[in-house]
Amino acid sequence: MKLFLKTTVLLLVLMWAASAEAYVGPGAGFALLGSFFVIFATMILAGVSLLILPFRTLWRMLRRRSKAKALAKRVIVVGFDGQDARMTEKLMAEGKMPNFSRLAERGCYSKLQTTYPSITPVAWSTFATGVNPGKHNIFDFLDRDPRTYLPRLSSAHIGSVERFFKIGKFKIPMSKPEIRLLRKSKAFWKVLGEHHIWSTILRVPITFPPEKFYGAQMGAMCIPDLLGTQGTFMLFSTRQSDESFQEGGMRLPLEGEGDHYRGKILGPENILIKGDPPMEIPFELKLDRERKKAELKIGGDVFPLEQGTLSDYLKLEFSVVPGMKVAGLSRLMLTEMEKEVSLYFSPINIEPEKPAMPISHPSYYSTYLEKRIGEFATLGLAEDTWALNEKITDDRAFWTQTQDVEQEREEMFFTALDKLRSGCLVTVFDATDRVQHMYWRYAEEGHPAAPEGAEDPRFEDAIREHYEKNDALIGRVMDRLREDDVLIVLSDHGFSSFRRGVNINAWLLKEGYLHLKEGTDGSTEWLQDVDWSKTRAYAVGLVGLFLNIRGREEHGIVEAGEEVEALKKELIEKLSGLRDDEKDEVGINEAFDTDLTYRGPYKGNAPDLLLGYNHGYRISWDCASGKVAGKIFEDNTKAWSGDHIIDPRLVPGIFLCSDPVDVENPHIVDLAPTILNLFGLEKAPHMEGRGLIHPASFRRAGA
Amino acid sequence: MEALNSILRPIFDATNALMGDWPVWLVCLIWAIPLSVFALWAFKKFSNQDAISATKDKIYACLFEIRLFNDDIRAILRAQWEILGHVLKYQALSLKPMIWILPPTLLMMVHLHAFYGFRALRPGEEALVIATLKAEVGNELRLELPSGLTAETPGVWAPEMHQMAWRIRADLPGDYLLRFRKGDQEATKTLRVGGRRGRLSPERPGRDFVAQLEWPSEEPFGRASFVQKINVSYPEAVVSFLGLEMQSQWAWMILFFVMTMVIALALKKPMGVEL
């Protein structure tokens, strides 16, 4: 009422003033003109859409392929990355997840078999395409370049520009860098699109770069940060240290004294300038030690900081050339401000409003989401696990970051759900995976990474608390379900403890399958100490090992055929049941021959053997970074204390549906054909899974 | 208002005297700069910038939705409806800074209008002089013209409007004072013929606040005066810009409007203003 009165008075004042034949000044003039322009543009857009609509409808009818009657008008798929079946069942039994129980009672609940290996990029690629990894070509986070033995991203190829037109110190690129999705096969949303069924695909892993289809997509895992990496944080510090971070971080100097410090934020390389120097943004830091606060000054802008508190997003604009900028989003935390001063910058997310590279389909979809829900994280692995692992940030900051990202995702999801009249909506929520990775040490007694004393007792229940949040989310989704909706809830894999790391390369060295160059000790990263002329097997990536095969690897020595088969057999025999004598436990349950595990044209790109670790075991940090030196088994003392890259049989995911299903023991490969069936489509010919709901026996729950 | 105008008149007279016969577009540009800076500052200071930004984002989002869901009539209509709501909110958010921007803008505009909206009579040109009176006086009202001006017609009385009108002709350049007599009462009105560009007064207002605001060039008639207002029909000014000539009292204002908009657009980012 107060607002109405104020507005009325103001309107009267303005109407009266209009008689003075003056205008209201540029600011307000913009508001008026802008408003008229918006309304005009909207009407034009709507008019054009309406005019074109009959032709589009006719075109659709002409192109329409025959399909049976759809069982559902909307299929809503909620994915919780890494939600573990055992934990879910336990909490459901305890009544802590009432909405999951309600959904299970209404439709069904089951464990969901996962892929070999049980790892996010592989499992979600199988979910999307309905095929095994041998057909979709994603076997791990990392692949190796057989010419150099160096690791490379398995899901996307980000090329560089080779040809430039040079003018003085400037270089004008003659082409765009190639960005290519390495996942093969066809996702079910493309099949749906071919039948003109809309899909909104939000943050499903391995969707970068985005594909074109009838629908909208916001990319996820493997979207790089602005530096082009999978997430590099920056630590500006007055502390002198030559040590580099083992994972994803950079130390940068913070110069100054007293309460005033300076630094330079490192941006991407400027390919328009000769020598590709990195772009930089200088900043000043002014401390208020008494109040534990600080001000960060960039240009004329001042950004407030508080010690130990993760800031909001800070927009960083790097100047490429005058008039051209690339922007990113980072969150900051002043980690110390006593004698020494340290300032943390999270990896710089590609800004969704004006992304520096394609991160969504259509290209303006990320802009649309930014306008709708505000700034959000775009980095594939949006939660900075590395900074916590390196003890740069703390559990509280990580929790804040994870929950904020989850909130952004939820807003994205409900925005899309509200707009979806018919079609498919898929959203993957990652926080379950991240929370279990980083807080498992709180939940498991005797975990080597458990904090000494109760570091922050609040996190003892972090995992359970997060599962309950998932439950609440499902409750909100169920409240919005319409009569002809089908809701599917799934996870790509479960979770387990990561107490002991296994350095497979160290084991291969001990067993004589891997040899080091003379005078080296194997402590150099990325297998730089390995003597390839004598090495028969090596491990790169997280899930298995490769044989050094002649003709395939640059310096291969194992002959394809009988020798390879014999070596694989020998390794499988030795690795299956490999014991950790120190703990008197089995470290590896079984090694799997991928030639037998996978089917399809790309299985040759897979590691030759997959390793099915036991509960509590995983590849060690050293082995993952290509170090050969060290013990074969060692305690994991990092915050990253839970994991799932183990024997896939030990970590099934979950599957819930708002309608009963006809098949027992569903597998993640079954989801794509099931979704097609729900829209009245036959399983696509390339798909391998089974439809879990047979149209003939489909009955709506409660009917 | 009278006091305010008496303060502002010498200021605008002095500044415009400096600009002499400069082209109108240049004068508009010079005045547009401080006004734009002030308006941007006031807009930033007195508006809810976050709310404006958020509302604009919502409008953009709806526009994207129209494009995204262009197969879905309901989605398009819903987005349009939502846009309308957001536009109204955007307007409402702009009202508060408008209150601060409007008074100085208005004062500046009305004073500038006296210089650039009209031109002085040229020798040989005719103009209508209309006196609006408070009561019927009929033939009691006489117009006394100084030498250099000639009455072409006797006063014509329009009883319904309480107006007496004369057609006069300018013979010689100069600043004149027209005298209107009713018995022993007198009212005066300035009139300019030829000379450099200067302040003109197409109307000498009465006590009406809005009229005083609109016509600030002369002091208003007193409460006891028998005259409500006196108008002189000066020709509308001709404004040239980029080879185009436009004869309208509003021509300078259009130019001024465009220039303030362009300057504001150029300065909004450096000044960090969300419009």
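**Figure 1. Helix 12 of chain A and its packing partners in a predicted model.** Helix 12 (residues 462–479) of chain A has 18 residues, which at 1.5 Å a residue should span 26 Å. Its end C-alpha atoms are 26 Å apart, which agrees. The expected span is 1.5 Å times one less than the number of residues. Helices (H or I, at least four residues) and strands (E, at least two) are DSSP runs, numbered from the N terminus. Buried residues of helix 12 of chain A include Ala462(A), Ile463(A), His466(A), Tyr467(A) and Asn470(A). Asp471(A), Leu473(A), Ile474(A) and Val477(A) of this helix are buried too. A residue is buried if 20 or more other C-beta atoms lie within 10 Å of its own, exposed if 12 or fewer, and partly exposed in between, with C-beta atoms placed from the backbone. The buried residues of helix 12 pack against strand 1 (74–80), helix 3 (85–93), helix 4 (98–106), helix 10 (395–419), helix 11 (431–443) and strand 24 (485–490) of chain A. Contact requires C-beta atoms, placed from the backbone, within 7 Å. In this predicted model, local features need pLDDT of at least 70, side-chain atom pairs count only at pLDDT 80 or more, and totals for chains, interfaces and linings use all residues. Residues are numbered from 1 along each chain as its sequence is written, while chains are lettered from A and ligands numbered from 1 in the order in which they are written.

**Figure 2. Helix 10 of chain A.** Its 25 residues should span 36 Å at 1.5 Å a residue; the end C-alpha atoms are 36 Å apart, which agrees. Ala397(A), Phe398(A), Trp399(A), Gln401(A) and Thr402(A) are among the buried residues of helix 10. Val405(A), Glu406(A), Arg409(A), Phe413(A) and Ala416(A) are also buried. The buried residues of helix 10 pack against strand 9, strand 19 (324–337), helix 9, strand 23, helix 11 and helix 12 of chain A. Gln403(A) lies in helix 10 as well. Gln403(A) counts as partly exposed because it has 16 C-beta neighbours inside 10 Å. The C-alpha atoms of Gln403(A) and Ser330(A) are separated by 16 Å, with the two residues 73 apart along the chain.

**Figure 3. Strand 9 of chain A and its parallel partners.** Strand 9 covers residues 199–202 of chain A. Ser199(A) and Ile201(A) point one way, Thr200(A) and Leu202(A) the other way, and all are buried. Strand 9 pairs with strand 10 (residues 215–218) of chain A in the parallel sense over 4 bridges. Pairing requires at least two DSSP bridges between two strands. Ile201(A) has Gln217(A) in strand 10 as its bridge partner. Another 4 bridges join strand 9 to strand 23 (residues 423–429) of chain A, again parallel. There, Cys424(A) is the bridge partner of Ser199(A).

**Figure 4. An open antiparallel sheet in chain A.** The 5 strands follow the order 26-27-30-29-28. Strand 26 (537–538) and strand 28 (578–580) are the edges, each pairing on one side only. Strand 29 (residues 585–593) and strand 30 (residues 609–613) run antiparallel, joined by 5 bridges. Phe592(A) stands opposite Leu610(A) in strand 30. Helix 14 (residues 562–575) of chain A packs on the sheet, touching strand 26, strand 27 (544–547), strand 28, strand 29 and strand 30. The direction of helix 14 makes about 155° with that of strand 29. Axes are lines fitted to C-alpha atoms, for helices over the stretch in contact; angles run from 0 to 180 degrees between N-to-C directions.

**Figure 5. The two domains of chain A.** Domain 1 comprises 75–138 + 186–222 + 380–495 + 651–698, and domain 2 comprises 499–650. Domain bounds come from an automatic or database domain assignment. The domain centres, taken over C-alpha atoms, are separated by 29 Å. In chain A, 28 residues of domain 1 are in contact with 28 residues of domain 2. On the domain 1 side, helix 6 (133–136), helix 9 (385–389) and helix 11 of chain A give two or more residues. Helix 11 contributes the largest share, 5 residues. The domain 1 side divides into 12 nonpolar, 14 polar and 2 charged residues. Ala, Val, Leu, Ile, Met, Phe, Trp, Tyr, Cys and Pro count as nonpolar, Asp, Glu, Lys and Arg as charged, and the others, Gly among them, as polar.

Notes: Contact = placed C-beta atoms within 7 Å.
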